[in-house]
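Here is a short tour for anyone about to work with this protein.

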Amino acid sequence: MVCENLGETKGINEIIIKQEITKKIVIMVPYPAQGHVTPMLKLASHMSTLGSFQPLIVLPEFIHRRLISKMNLTRAGIQCVAIPDGLDEGKPCDFFTIETAMEDCMPAHLSRLIKKLQDDDDQEEVGCLIVDVLASWAMEVGRECGVEVAGFWTAMVAAYSLISSFPELIQRGLVSDAGLPQHEGKMTFHPDQPTVNIEDLPWLIGTEAAKKARFKFWVRTIQRSRSLKWILANSFPNESQREESRNCGPIICPVGPLRSDGLNESPTFWEEDRSCLGWLDRQKPNSVVYISFGSWVSPMDEAKVRSLALTLEGLRRPFIWVLGPAWRDGLPNGYPERVENFGKIVGWAPQVDVLQHEAVGCYLTHCGWNSTMEAVQCKKNLLCFPVAGDQSLNCEYIVNVWKIGVKINGFSIKDVGDGIKRVMEDTKMKTRIERLNERIMGEEATLKVKQNMLHFMNDLKRPIDQLQMNL
Ligand SMILES: O=c1ccn([C@@H]2O[C@H](COP(=O)(O)OP(=O)(O)O[C@H]3O[C@H](CO)[C@@H](O)[C@H](O)[C@H]3O)[C@@H](O)[C@H]2O)c(=O)[nH]1
């Protein structure tokens, strides 16, 4: 089946649907952000190669416009449709505008799409809906349409565990009913997990009103996800003690870290500046610091950008810095020219190719989960500056559990200079990342993950009445 969006169209009536392959359809609904769409596309590509299911990705129009113009997903066995999002074209959208689009506008359109597929005699059966846990609105739609729903968690299982522990955090008096911290300092959320700072809880971003609104979003998200049978996670087996137990909640099934092998092009929202690869060819091995703080959650303020810029200029060490136009206001006057002999600033990099390059010695990162896994894949040690969301917990793992990176608390010459030295010169750290790479991406791990995936897919293939009996 091929579904195409007709540019300016509004509504699924205008989506052309052509029969092509006879497999059960798996409708996949990502959360519309780069760090979420990428792993969902990797999952779709993986499912497509394993057979039996035909992935159909459903995107809001504003993401479909940006992504589809750049990639040919059909070649990777993935079909894609856009549904209206009610957003004004060209206007920037933040977390809350996206939430409104997801809760108020997109459900009716997804429901119509599913019903159309169910009613169409020419179509294959809709086998399942796989929904990013953050797009929990679509779980409700799937249930209403009588379709089996599975969740997809794009980050660490430990992060799901932390967020879903909110009732206990309230009960222990660590946060208020509205999610605001009632204490300072470190707290535990599970005996097998590292401690985290209460101030770093994933919903504590922005003003007090924004924190409360994000907490509400998470409470609703976790509540909706609790009745799922399966949550596939873009993490690896044995990352967390809790992943395979099913005392009450969903079965958390690690199927990652997912790779982009099956995708012909990288699924990015922005044009990649590939000139940085030629620039890297001219640098010495292990000399360059790659800097990127991902794409979402919370950009850094101008003062921090300025401080890092001045430090990089002072250190005179080769660097590539991914800095989107919106973040460049903090740069000192004429900065790109001032550092052109040793530094390169790009709007968006081909990140995995950059990390794979032998000239890159370490990665200064916000600790987003995809970036963390890509660093492990390319065996590049990490200099960590977590910004928000799950990033502090990921950082805890990087620094204190796996010991493959160092955390910095600021961008002074001393912070960054000492951090780079420690990360680049510690040979034990290098050995540890090589071992972690083997443990989570080696042959044995890959086989286990494939088995997990097949186990899930076989469960989906069982007749509906049998599935319901087991719920
Ligand atoms: O110049 C760049 C910069 C990034 N990337 C890619 O963009 C993705 C970024 O993902 P991630 O590192 O996870 O960061 P975010 O996009 O910020 O991801 C959000 O989603 C993640 C998964 O849920 C969370 O772990 C993060 O905290 C959250 O910010 C990665 O695949 C990168 O390879 C590029 O291709 N080029």
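## Cysteines

Why is the sulfur of C362 too far for a bond with the closest cysteine sulfur? In this predicted model, the closest cysteine sulfur to that of C362 belongs to C384 and is 10 Å away, which is too far for a bond, because a disulfide needs the two sulfur atoms within 2.5 Å. C362 itself is buried, with a relative accessible area of 0%.

By that cut-off, the disulfide count is zero. C93 is likewise in no disulfide, and its nearest cysteine sulfur, in C105, lies 13 Å away. C93 is partly exposed, at 29% relative accessible area.

## Around the ligand

Now for the ligand. There are 23 residues around it, and those that come nearest are S295, A349, S371, E374 and D390. By kind, the shell holds eight nonpolar, 13 polar and two charged residues.

An N or O atom in the D390 side chain is 2.5 Å from an oxygen atom of the ligand, and a backbone N or O atom of A349 sits 2.7 Å from a ligand nitrogen. T154 places a polar side-chain atom 2.8 Å from a ligand oxygen. The protein buries 96% of the 690 Å² that the ligand exposes when taken alone.

## Where the shell comes from

Two or more shell residues come from each of α1 (34-50), β12 (288-292) and α12 (369-377). With four residues, α12 gives the most.

Domain 1 (18-164 + 226-263 + 442-470) and domain 2 (275-425) both supply shell residues, so the ligand lies between them.

How values were computed. Residues are numbered from 1 along each chain as its sequence is written. This is a predicted model: local features need pLDDT of at least 70, side-chain atom pairs count only at pLDDT 80 or more; totals for chains, interfaces and linings use all residues. Side-chain values use heavy atoms; hydrogens and water are left out. Buried means under 20% relative accessible area, exposed over 50%, partly exposed in between (1.4 Å probe, protein chains only). A residue is near a molecule or strand if one of its heavy atoms lies within 4 Å of it. A polar contact is a pair of N or O atoms within 3.5 Å; within protein, one must be able to donate a hydrogen and the other to accept it, and residues adjacent in sequence count only if both atoms are side-chain atoms. Accessible areas come from the Shrake-Rupley method with a 1.4 Å probe; for residues, only the protein chains shown count as cover. Ala, Val, Leu, Ile, Met, Phe, Trp, Tyr, Cys and Pro count as nonpolar, Asp, Glu, Lys and Arg as charged, and the others, Gly among them, as polar. Domain bounds come from an automatic or database domain assignment.
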